Amino acid sequence: MRIGLYPGSFDPITLGHKDIITRALSLVDKLVVGVGVSATKKPLFNVEERIAMIEEELASAAKKAGVELSVLSFDGLLVDVAQKHKANLIVRGLRSGTDFEYEAQMTAMNRKMNKDIETVFLASTPEVGFISSTLVRQISAMGGDVSPFVSPYVKKLMEKK
Ligand code: PNS
């Protein structure tokens, strides 16, 4: 059984994340989406809100693909979370060469810590490959229109904030 772990901050989940997650569904039997809880970051959405948002956005795609979807929070090492949930695959999206530099370094260090967990990179679909949650939050805070970057559902939740 292939179990994938897709980690991220998802503050909020964007169309870029949805692109990677829906494509990752074809690679695994079960997908664990891990919402990272960083003690240093002050998020716009709390962990419970982010988990609910991801479930709402992806439950039907996972069901359609016949993939079990589990969305949970974590605050430790990625390799420990992967091991805890029996994930043999970590999935990460790559938007640019800069992403690659950083991700390749993390992947190498993660593999040193646990050689049984493989990391798979999916190149972002160009139409959504420029989206960053940080910039989406900034645009929203300054009154800009975030509809090219997030779903109508997430847009509504951002407006409420
Ligand atoms: O949304 P992001 O910034 O891509 O998500 C970052 C996240 C949560 C994936 C990252 O902070 C992470 O991997 N945290 C786990 C900590 C860890 O394992 N660090 C060692 C990596 S070598």
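Glutamate 103 counts as buried, at 5% relative accessibility, where buried means under 20% relative accessible area and exposed over 50%, with partly exposed in between (1.4 Å probe, protein chains only). The model is predicted: local features need pLDDT of at least 70, side-chain atom pairs count only at pLDDT 80 or more, and totals for chains, interfaces and linings use all residues. Residues are numbered from 1 along each chain as its sequence is written, and side-chain values use heavy atoms, with hydrogens and water left out.

**Helix H4**

- Glutamate 103 is in helix H4; helices (H or I, at least four residues) and strands (E, at least two) are DSSP runs, numbered from the N terminus.
- H4 covers residues 97-113, and its 17 residues reach 24 Å from first to last C-alpha, close to the 24 Å expected (1.5 Å times one less than the number of residues).
- Asp99, Glu103, Thr107 and Asn110 are the buried residues of H4.
- Seen down the axis of H4, these residues fall within an arc of 65 degrees, so they line one face of the helix; the arc is that of the directions from the helix axis to the C-beta atoms.
- An α-helix has 3.6 residues a turn, so residues three or four places apart point the same way.
- Exposed residues Thr98, Glu101, Met109 and Lys112 sit on the face of H4 turned away from its buried side.

**Packing of H4**

- Helix H3 (78-84), strand E4 (89-94) and strand E5 (118-123) pack against the buried residues of H4.
- Not counting residues up to four places away in sequence, glutamate 103 touches Arg92, Leu94 and Phe121, a contact being heavy atoms within 4.5 Å.

**Largest pocket**

- The largest pocket has a volume of about 1,100 Å³.
- Its lining has 41 residues, and Pro7, Gly8, Ser9, Lys41 and Arg92 lie nearest the centre.
- H4 gives the most to this lining, with seven residues.
- Strand E1 (3-8), helix H1 (15-24), helix H2 (47-65), E4 and helix H5 (133-141) are among the elements that each supply at least two lining residues.

**Leucine 72**

- Leucine 72 lies in strand E3 (residues 68-74) and is buried, with a relative accessible area of 15%.
- Val32, Val33, Gly34, Val35, Ile51 and His85 touch leucine 72, not counting residues up to four places away in sequence.
- Leucine 27 is 45 residues from leucine 72 along the chain, and their C-alpha atoms are separated by 20 Å.

Note on methods: 1 Å grid on protein atoms, 1.4 Å probe; cavity = no way out; pocket = protein on both sides within 12 Å on 5 of 7 lines; lining within 4 Å. Points joined across faces, edges and corners; volume = space filled by probe spheres on them.
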